[in-house]
Amino acid sequence: MPSPETLERFIARVEQNAHAEAIEEFYTENASMQENQGAPRVGRDKLVLGEQKVMERAKSLTSTCVRPALLQGDHVVIRWIFRFEWQDGSRTEMEELAWQRWEGERIAEETFFYDPAQRLPKPPVA
């Protein structure tokens, strides 16, 4: 079970847009991430590389936790809003729920729930 302080440090790292660093710092070695019941991606190193690839495509990103984050035993639910501006000038705004299972002070399993239609980029602002 994460301490409230650990959970707050994790949220702060994500809100600083240090997504890959947050994975390195807060996920177990064999952690998994899953999108809307898709096949899970497994292994912290693989998860870090995936986040780095997304961040390379982004010109800017704003990551916001919508409070409260819910903590019950080993489980956490966080509501996030992400605003991406991509290198080509298009933008994406996503709202999602992240369901996490923690092992002690680290995330072992995470599933994201969101409307996939949000992933379609909107054209650049003129």
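Visitor: Is Gln 37 buried or exposed?

Guide: Keep in mind that this is a predicted model. Gln 37 comes out as exposed, because its relative accessibility is 55% and the cut-off for that label is over 50%. You'll find Gln 37 in the loop between strand 1 (27-35) and strand 2 (41-42).

Visitor: What should I look at in its backbone?

Guide: Start with the general idea: most residues other than glycine have a negative phi.

Visitor: Which loop holds Asn 17, and what is its phi?

Guide: Asn 17 is in the loop between helix 1 (4-15) and helix 2 (19-26). Its phi is positive too, about 65°, and Asn 17 isn't a glycine either. As for accessibility, Asn 17 is partly exposed, at 23% relative accessible area.

Visitor: And peptide bonds, where is there a cis one?

Guide: Most peptide bonds are trans. Here, though, the bond from Arg 67 to Pro 68 is cis, with omega near 5°. Pro 68 belongs to strand 3 (residues 58-72).

Visitor: How do I read the core?

Guide: In soluble globular proteins, nonpolar side chains tend to be buried together. In this model, the largest nonpolar core has 29 residues, and Leu 7, Phe 10, Ile 11, Tyr 27, Ile 78 and Trp 80 touch the most other members. Elements giving two or more residues to this core include helix 1, helix 3 (44-57) and strand 5 (91-103). Strand 4 gives the most, six residues.

Visitor: What does Leu 7 contact beyond its neighbours within four places in sequence?

Guide: Leu 7 is in contact with Ala 69, Leu 71, Val 76, Ile 78 and Trp 102.

Note on methods. Residues numbered from 1 in each chain as written. Predicted model: local features only at pLDDT ≥ 70, side-chain atom pairs only at ≥ 80, totals over all residues. Heavy atoms only, no water. Helix = DSSP H or I, 4+ residues; strand = E, 2+ residues; numbered from the N terminus. Buried < 20%, exposed > 50% of the residue type's maximum accessible area, 1.4 Å probe, protein only. Core = buried A, V, L, I, M, F, W, Y, C linked by side-chain atoms within 4.5 Å. Contact = heavy atoms within 4.5 Å.
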